[in-house]
Amino acid sequence: MIVPLMIVALAAGAQDAPPVHEARLDDIGRAGRTDGSGVFVVHRSLAPDSFVEVTALDTGRIILAAVKAGAPLPPDRVADLSPAAAAALGLPEVALVAVRIRPVTPTPQDQTVLRAGGVVARLDAPQPLLVALRRRLPTAVRPSREMLRASVSPPARTPKPFRPTAPVAAAPATGQWFVQVAALSDGPRAEQLANSVGGVVRRTGTLYRVQAGPFATRAAADTARASLVRRGFGDARTIAPN
C-alpha cells in the first residue's frame with residue numbers, strides 16, 4: 001500500500017512544478033515582429049500550440065509564450081514576437097532583437113493564463129548568464145533590408161521598462177469604469193504593468209489582474225481600451241461598475 005500512495009503524492013506535486021526545460025532545443029539568435037493579439041511567438045521548427053520560454057538578451061527579462069503558426073521566417077531570424085510578447089520583454093521597437101528560446105511545459109495554471117492572452121513572467125536572467133548567452137549569438141548573419149535600415153538610425157538607448165506610447169488618459173479618482181488589461185501570475189510584474197498603464201492590481205486567488213483606470217464614463221474607458229489594443233493587448237476589455 002505504500003507504493004501507490006507515493007505515486008499519488010508525486011503526481012499531485014507535479015501539477016505545481018515549475019516549467020520543465022527540454023534540452024533538445026536551445027535557440028539563441030535574433031527575432032523579428034509579427035502581428036496578432038496575445039503573448040506568442042512564431043518559431044522556425046517548434047509545433048504550434050506548444051510553449052516556450054523567451055529570454056531577451058538586451059533587457060534580461062524572461063516570459064513564457066505560446067507558439068503559433070505564421071509565415072516562413074527569413075534566414076536571419078529564429079523567431080518572430082507578437083507585440084504583447086515584445087512589450088512584456090521590455091524590448092524597443094527595432095527590426096531585430098536578440099533572444100533565447102527554449103521549449104517548456106508550463107503548469108496548467110500558466111497555460112490557462114497564456115491561452116487567455118495574459119503575461120506569465122519569470123525572474124530576470126542574472127547578468128553573468130546574459131553575458132554568456134550573448135557570446136553564443138551568431139556572428140555571420142547576412143544583413144536584411146530591415147537590419148540595414150536599423151544600422152543607420154541613431155544609437156539605441158538603454159532599454160527602459162515598457163510604457164505605452166499613447167498614455168492612458170487620466171481619469172477622476174471617483175470613476176467606476178476599468179479596463180481589464182492582463183492576468184499575471186507574477187505579483188511584482190503585475191504591479192509594474194499596472195503603473196505603466198495608470199491602473200491597479202486586483203488579486204483573485206493566485207492571479208493578479210491588471211486593470212487600467214478608474215474612468216468616470218464608459219466612453220473614457222473605451223478610449224483607453226482602444227489605446228491598449230494598439231499596444232498589443234488585444235484581449236483588453238471594459239469592465240462595468242459593480
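Which residues touch the most other members of the largest nonpolar core? I will start there. This is a predicted model, and the core in question has 42 residues. Val54, Leu81 and Val181 are the ones that touch the most other members. Strand 9 gives the most to this core, with five residues. Apart from it lies another core, of 11 residues, including Leu73, Val104, Val113 and Val120. As background, nonpolar side chains in soluble globular proteins tend to be buried together.

Now the overall figures. The protein chain has seven helices and 12 strands. Of its 242 residues, 44% are buried. Take the contacts in the chain with a separation of 6 or more: 76% of them are between residues 24 or more positions apart.

Back to Leu81. Leaving out residues up to four places away in sequence, Leu81 touches, among others, Ala31, Gly32, Phe40, Val54, Leu89 and Val99. The next residue to look at is Ser82, in the loop between strand 6, residues 79-81, and helix 2, residues 83-88. Is Ser82 buried or exposed? Ser82 counts as buried, because its relative accessibility is 0%, and the cut-off for buried is under 20%. With the same exclusion of residues up to four places away, Ser82 touches Thr34, Gly36, Gly38, Val39 and Phe40. Phe40 also has a charged neighbour: Lys68 lies over the face of its ring, at 4.5 Å from the ring centre.

Four strands form an open sheet in the order 10-11-9-12, with antiparallel pairing. Strand 10 and strand 12, residues 237-239, stand at the edges with a single partner strand each, so one side of each is left without a neighbour in the sheet. On average, neighbouring strands of this sheet are turned by 40 degrees against each other, direction ignored.

Going through the pairs, strand 10, residues 199-204, and strand 11, residues 207-215, pair in the antiparallel sense over six bridges. Within that pair, Gly199 stands opposite Ala212 of strand 11. The hairpin of these two strands has two residues between the strands, and Gly205 there takes a positive phi near 65 degrees. Strand 9, residues 177-184, pairs with strand 12 over three bridges, in the antiparallel sense. Gln180 has Arg237 in strand 12 as its bridge partner.

What lies across strand 9, strand 11 and strand 12? That is helix 7, residues 218-230, which runs at about 30 degrees to strand 9. Arg218 lies in this helix. Arg218 counts as partly exposed because its relative accessible area is 42%, and that class runs between the 20% and 50% cut-offs. Neighbours within four places in sequence aside, Arg218 is in contact with Trp177 and Thr238.

Phe178 brings me to the rings. The charged end of Arg202 sits over the ring of Phe178, 4.6 Å from its centre. How many aromatic pairs does the structure hold? The count is zero.

Methods: Residues numbered from 1 in each chain as written. Predicted model: local features only at pLDDT ≥ 70, side-chain atom pairs only at ≥ 80, totals over all residues. Heavy atoms only, no water. Pairing = 2+ DSSP bridges. Phe/Tyr/Trp six-rings, centres within 6.5 Å; stacked < 30°, edge-to-face > 60°. Lys NZ or Arg CZ within 6 Å of the ring centre and 35° of its normal. Axes fitted to C-alpha atoms, helices over the stretch in contact; angles between N-to-C directions. Contact = heavy atoms within 4.5 Å. Core = buried A, V, L, I, M, F, W, Y, C linked by side-chain atoms within 4.5 Å. Buried < 20%, exposed > 50% of the residue type's maximum accessible area, 1.4 Å probe, protein only.
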